[in-house]
Amino acid sequence: MKILVTGAKGFVGKNLIAELKNREYNEIYECDRETTDEELNAYVKDCEFVFHLAGVNRPEKEEEFMEGNFGFTSKLLEKLKENNNKAPILVTSSIQAELDNPYGRSKKAGEDLMFEYEKETGAKAIVYRLPNVFGKWCRPNYNSAVATFCNNIANDLPIKVNDPNVVMNLVYIDDVVEEFIAALNGNYNKEGQFCKIRIVHTIKLGEIVDLIYSFKNSRKDLSVANMNDEFSKKLYSTYLSYLPKNQFIYDLEMHVDNRGSFTEFLRTNGQGQVSVNISHPGIVKGNHWHNTKNEKFLVVSGKGKICFRKYDSDEVIEYNVSGEKLQVVDIPVGYTHSIENVGDSDMVTIMWANENYNPDKPDTYFMEV
């Protein structure tokens, strides 16, 4: 299918085109402000589906709202009529089309023009009224509070929240793109005259800000965003896309002694923590047991021996492990246990514990295996 995308370099356009290419739609005509009339004429003559995403959000002059959101739409439709091209058109409007302001009026005029065009030509008009859209590649300090907050917090810039109790309806860019590609194939979510994105997240502005700050602080407290919450998962992915290029990397606190090192990597809310243990050759660590705390050990480099002895037993159980064959060893409660580096090089072990370390209640008791 030959697809025309207007606003190709915009936030939604870039994401849509990237995913279309991922799905091997290879004949895409990309229209942006640099596209000449001759190029647009060729695209309009040949295309079989139109994603009309171009629009004006923050012009220098008020009249540019109507020029960009109504004028270009009118020009596009006239060119389609001149070429007798009745390709379906998906157009992005805004929930602000219901409001009596310059932007809303320009969006409403564009919608009305689309529906008139549909009646006149019989070409399918698919009009999506979008709420606030967030996700990667959205321009900060423009028309998206989420993009601005993510960018400014990630870059240690100030933010301004006028009313943290303002309730926002948000759609995630991947959900928008998924919906648009479904519409390309005839499956659009129509409610009355307009189409809507199926997945909408409703949340207070202050909660969004708190979440973003928690993402920033996670490098210090090692916390992990709640990936069971769809909005938190999507917002965290968005936040990461605004990290400064020189700050993709960050340090962990390594506890180093003559035996090697122990470093906490991640702490979760209810799913335990992950740490990295490095032991020098011949070193034995552990020799303790737990009541409720349980762990999983995974040696990823070097050679080791993990030994167990039940609290009230003399029987010693041994497992030989190495990075050459990745095996997870469960550490049951009530068994004192140790791990020894029996190789000639450092042994690296990934350790998961079912609870975050609590110095006030370590649940760790010394006992030699």
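**Close-up views of a predicted model**

Figure 1. Helix H5, residues 145–154, is mostly covered, with 9 of its 10 residues buried. The structure shown here and in the following figures is a predicted model. The buried residues of H5 are Val146, Ala147, Thr148, Phe149, Cys150, Asn151, Asn152, Ile153 and Ala154. The elements that cover them include strand S6, strand S7 (167–172), helix H7 (205–221) and helix H8. Just after H5, Asp156 adopts a positive phi of about 60°.

**Figure 2. The salt bridge between Asp156 and Lys216.** The side chains of Asp156 and Lys216 meet in a salt bridge, at 2.8 Å from N to O. Asp156 lies in the loop between H5 and S7, and Lys216 belongs to helix H7, so the pair ties together parts that are 60 residues apart in sequence. Asp156 is exposed, its relative accessible area being 56%. Lys216, by contrast, counts as partly exposed, at 24% relative accessibility.

Figure 3. Helix H1 comprises the 12 residues 11–22. At 1.5 Å a residue, H1 should span 16 Å, and its end C-alpha atoms are 17 Å apart, which agrees. Within H1, the buried residues are Phe11, Val12, Gly13, Asn15, Leu16, Ile17 and Leu20. Their cover includes strands S1 (3–6), S2 (28–31), S3 (49–52) and S6 (132–134), together with helix H6 (173–184). H1 is followed by Glu24, whose phi is positive, near 70°.

**Figure 4. The salt bridge between Lys21 and Glu30.** Lys21 forms a salt bridge with Glu30, and the closest N and O atoms of the two are 3.3 Å apart. Lys21 counts as partly exposed, at 46% relative accessibility. Glu30 is also partly exposed, with a relative accessible area of 33%.

**Figure 5. The nonpolar cores.** The largest nonpolar core has 51 residues, and those with the most contacts inside it are Leu20, Phe51, Tyr128, Phe180 and Ile208. Helix H6 gives the most to this core, contributing 7 residues. Apart from this core lies another, of 21 residues, among them Tyr29, Val50, Val91 and Tyr117.

**Figure 6. The contacts of Phe51.** With neighbours within four places in sequence left aside, Phe51 is in contact with Ile3, Leu4, Val5 and Thr6, and also with Leu16, Leu20, Leu90, Phe180 and Leu184. Leu20 and Phe180, like Phe51 itself, are listed with the residues that have the most contacts inside the largest core.

**Figure 7. Thr92 in strand S4.** Thr92 is found in strand S4, residues 89–94. Its relative accessibility is 10%, and Thr92 therefore counts as buried. Thr92 and His52 are 40 residues apart along the chain, yet their C-alpha atoms are separated by 6.6 Å. Leaving aside neighbours within four places in sequence, Thr92 is in contact with His52, Leu53, Lys107, Tyr128, Leu130 and Phe180.

Figure 8. A search of the whole structure finds 22 salt bridges. One network of salt bridges links Asp175, Glu230, Lys233 and Lys234. In another place, the side chains of Asp257 and Arg259 meet in a salt bridge, with 3.1 Å from N to O. Asp257 counts as partly exposed, at 32% relative accessibility. Arg259 likewise counts as partly exposed, at 34%.

**Figure 9. A nonpolar surface patch.** Tyr250, Leu252 and Phe265 make a nonpolar surface patch of about 240 Å². Leu252 lies in the loop between helix H8 (230–240) and strand S11 (254–257). Leu252 is partly exposed, its relative accessible area being 32%.

**Figure 10. Lys325 in a loop.** Lys325 is placed in the loop between strand S17 (316–322) and strand S18 (328–331). Lys325 is exposed, with a relative accessible area of 54%. From C-alpha to C-alpha, Lys325 and Leu222 are 29 Å apart in space, and they are 103 residues apart in sequence.

Methods
Residues are numbered from 1 along each chain as its sequence is written. This is a predicted model: local features need pLDDT of at least 70, side-chain atom pairs count only at pLDDT 80 or more; totals for chains, interfaces and linings use all residues. Side-chain values use heavy atoms; hydrogens and water are left out. Helices (H or I, at least four residues) and strands (E, at least two) are DSSP runs, numbered from the N terminus. The expected span of a helix is 1.5 Å times one less than its number of residues. Buried means under 20% relative accessible area, exposed over 50%, partly exposed in between (1.4 Å probe, protein chains only). Contact means heavy atoms within 4.5 Å. A nonpolar core is a set of buried Ala, Val, Leu, Ile, Met, Phe, Trp, Tyr and Cys residues joined through side-chain atoms within 4.5 Å. Patches are made of residues with over 30% relative accessible area and no salt bridge: like charges are joined within 9 Å, nonpolar side chains (Val, Leu, Ile, Met, Phe, Trp, Tyr) within 5 Å. Accessible areas come from the Shrake-Rupley method with a 1.4 Å probe; for residues, only the protein chains shown count as cover. A salt bridge is a side-chain nitrogen of Lys or Arg within 4 Å of a carboxyl oxygen of Asp or Glu.
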